[in-house]
Amino acid sequence: MAKASSSFVCQNCGAAFNRWQGKCEACGEWNTLVEEAGDNAVPVSIRAKRRGRTFKLESLAGKSNDAPRLPSGMAELDRVTGGGFVRGSVLLVGGDPGIGKSTLLTQATSLMAKAGHRTVYISGEEAIAQVRLRAERLGLAAAPVELAAETSVEDIIATLSEGATPKLIVIDSIQTMWTDTVESAPGTVTQVRASAQALIRFAKKTGAAIILVGHVTKDGQIAGPRVVEHMVDAVLSFEGEGSQQFRILRSVKNRFGPTDEIGVFEMTGLGLREVGNPSELFLSERDLGSPGTAVFAGIEGTRPVLVELQALVAPSTLGTPRRAVVGWDSARLSMVLAVLEAHCGVKLSGYDVYFNVAGGLRINEPAADLAAAAALVSSLANAPLPTDAVYFGEISLSGAVRPVAQTPARLKEAAKLGFARAVLPEQTRGDAPADAGLALQSVGGLSSLVADIAARGTRRGDDDGAPRAKAASNATPARFRRQEG
């Protein structure tokens, strides 16, 4: 008789080991190995040998139909999913605790239920009374959503198999589910993987769309084995700061749609409100005329978004100056600082640099380099940038400003919000639409932009009414003059 085997599985990354040890060699985390029972080991010599069956091979040419979509009733959610939920698809939604995942899914299921679709909300963390209280607070208590508080996957599948197949099923959360097929505690790597596999098989067999809610680790990654992210059809990340009312729903993986779209929501007392024009929201509390602020015309998927970039450059008393970044890649900031010092004569080695993207948005595209550099130089020279100007362009290591994609969309969004000028790469000037109505300032190299901003600078503490020429002659040359020899 085969001997039962067991292994020690890391609850952070899913790596398995033959014996317990304090530190996981795969991810480096401490005290994350938990003993889990495995399947009975069957020797290879006594395994039943099965002859493989032949199957038909298809060609690349052929007619393919678009997957049918089921709108959720929330335009921002449909934008991220690619137009709605696909029948038989499984989505994984992750986010920090209290960010609003349950609120978002409660609103989505209620809207679909009001539209006549059967929707089921199964909670493994909250009682039915708690879900009802949330629905009453959101004004959705009258929606015909079917509720249950259950954690057994076999019981859930047996219940959902009766009657009409639901159009949408929400499992909140996958870490609380357990199945009889494995002998492990709920929340372990083995249970999460087995429970997710059983629910995925049910979705593919019946055509129901299933949304799995996943916990996140301290570094923002979805907890559990990464294989679950590979098993599902789409992975959505719900982001936002607790002190901000803005929430960003971002697509990380999507087999039926784009992976660079975002949905913008605002958290209110009545739940999440969709934001149709996020640019107005991100610029609503903009501080006009302050040094160190620049408006970046960015692109998130197919949507142009204008957001304020804030920089603060202050003298440092430390041997190693601080570099603090929120909402942008810290390595990208270090590269921009190096280019400013190497090619533009901007000496920042003795200054602390703090950089922030207003509104809680996270920027990933390199087109923000030019706006970031303008904000940094503006703060250092104490020179406010024009309040009616937007900036976009990629900075190369040689100091040249490289062109970026979708220039017409960026300029049209800026003109719609009342901006009068745009600072953009020289090569993309010809792509600007004639009807944008913006005054275009093309920049071929970063040094020209730095000189233009520095010429308007003043010393901190000087009278604001001092002539600009005096400010330029007194303040900026020593700070921006390139070292000779």
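How many aromatic pairs does the count come to? The count comes to three aromatic pairs. The model is predicted.

## Phenylalanine 246 and phenylalanine 282

Two rings form an edge-to-face pair: phenylalanine 246 and phenylalanine 282. Their centres are 5.7 Å apart. Their planes meet at 80°, and the cut-off for edge-to-face is over 60.

Phenylalanine 246 sits in strand E12, residues 246-254. Phenylalanine 282 belongs to helix H7, residues 278-282. The pair therefore ties together parts 36 residues apart in sequence. Phenylalanine 246 is buried, at a relative accessible area of 6%. Phenylalanine 282 is buried too, at 4%.

## Tryptophan 328 and phenylalanine 355

The rings of tryptophan 328 and phenylalanine 355 also pair. Here the centres lie 5.1 Å apart and the planes are at 35°, so the pair is tilted.

Tryptophan 328 is in the loop between strand E17 (323-326) and helix H8 (330-343). Phenylalanine 355 is in strand E18, residues 351-357. This pair ties together parts that are 27 residues apart in sequence. Tryptophan 328 and phenylalanine 355 are both buried.

## Cysteines

The structure has zero disulfides. Cysteine 24 is in none: the nearest cysteine sulfur belongs to cysteine 10 and is 3.7 Å away.

Is cysteine 24 buried or exposed? Cysteine 24 is buried, because its relative accessible area is 1% and the cut-off is under 20%. Cysteine 344 is buried as well, with a relative accessible area of 10%.

Methods
Residues are numbered from 1 along each chain as its sequence is written. This is a predicted model: local features need pLDDT of at least 70, side-chain atom pairs count only at pLDDT 80 or more; totals for chains, interfaces and linings use all residues. Side-chain values use heavy atoms; hydrogens and water are left out. A disulfide is a pair of cysteine sulfur atoms within 2.5 Å. Buried means under 20% relative accessible area, exposed over 50%, partly exposed in between (1.4 Å probe, protein chains only). Rings of Phe, Tyr and Trp (its six-membered ring) pair if their centres lie within 6.5 Å; planes under 30 degrees apart count as stacked, over 60 as edge-to-face and the rest as tilted. Helices (H or I, at least four residues) and strands (E, at least two) are DSSP runs, numbered from the N terminus.
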